[in-house]
Amino acid sequence: MDSDKSEACGRCSMTAVVGATDGEGGHDPFDGDRIEVDDDEMRTVARPAILLSRVKRRLDEFATRLTYGR
């Protein structure tokens, strides 16, 4: 794998496929813009998922206590 073709966004796994096929098919997965998400945007998107996971954990704990009397 060439280090200049690897990216932090997950496309680096494509390098093995491209290398194995020698780029046949005329499509280069490294063409175009990189897929990047701003830190603030990532936090904004992740915040609801984090909150929902905490609510789910608390509901699971409550249901376990209710079911098993702990």
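Helices are runs of at least four residues assigned H or I by DSSP, numbered from the N terminus. In this predicted model, the protein chain holds two helices and zero strands. Three salt bridges are counted, and one of them joins Glu61 to Arg57, two residues of helix α2 that lie four positions apart and are therefore separated by about one helical turn.

**Overall composition and surface**

- The protein chain has 70 residues, of which 9% count as buried.
- Its accessible surface amounts to about 6200 Å², and carbon and sulfur atoms account for 54% of that area.

**Geometry of helix α2**

- Helix α2 covers residues 39-68.
- With 30 residues at 1.5 Å a residue, α2 should span 44 Å, and the computed separation of its end C-alpha atoms, 42 Å, agrees with that expectation.
- The helix has a kink of about 35° at Ala46, a position shortly before the proline Pro48.
- Just after α2, Gly69 adopts a positive phi of about 70°.

- The side chains of Arg43 and Asp40 form a salt bridge with an N to O distance of 3.1 Å.
- These two residues are three positions apart in α2, so about one helical turn separates Arg43 from Asp40.

**Salt bridge Asp60–Lys56**

- A salt bridge links the side chains of Asp60 and Lys56, with 2.7 Å from N to O.
- The pair is four residues apart in α2, which means that Asp60 and Lys56 are separated by about one helical turn.
- Asp60 is partly exposed, with 38% relative accessibility.

**Salt bridge Glu61–Arg57**

- The side chains of Glu61 and Arg57 meet at an N to O distance of 3.6 Å, which counts as a salt bridge because the cut-off is 4 Å.
- Glu61 has a relative accessible area of 38% and is partly exposed.
- Arg57, with a relative accessible area of 43%, is also partly exposed.

Note on methods: Residues numbered from 1 in each chain as written. Predicted model: local features only at pLDDT ≥ 70, side-chain atom pairs only at ≥ 80, totals over all residues. Heavy atoms only, no water. Buried < 20%, exposed > 50% of the residue type's maximum accessible area, 1.4 Å probe, protein only. Areas by Shrake-Rupley, 256 points an atom, 1.4 Å probe, with all protein chains shown as cover. Expected span 1.5 Å × (residues − 1). Bend = angle between axes of the 7 residues up to and from the residue.
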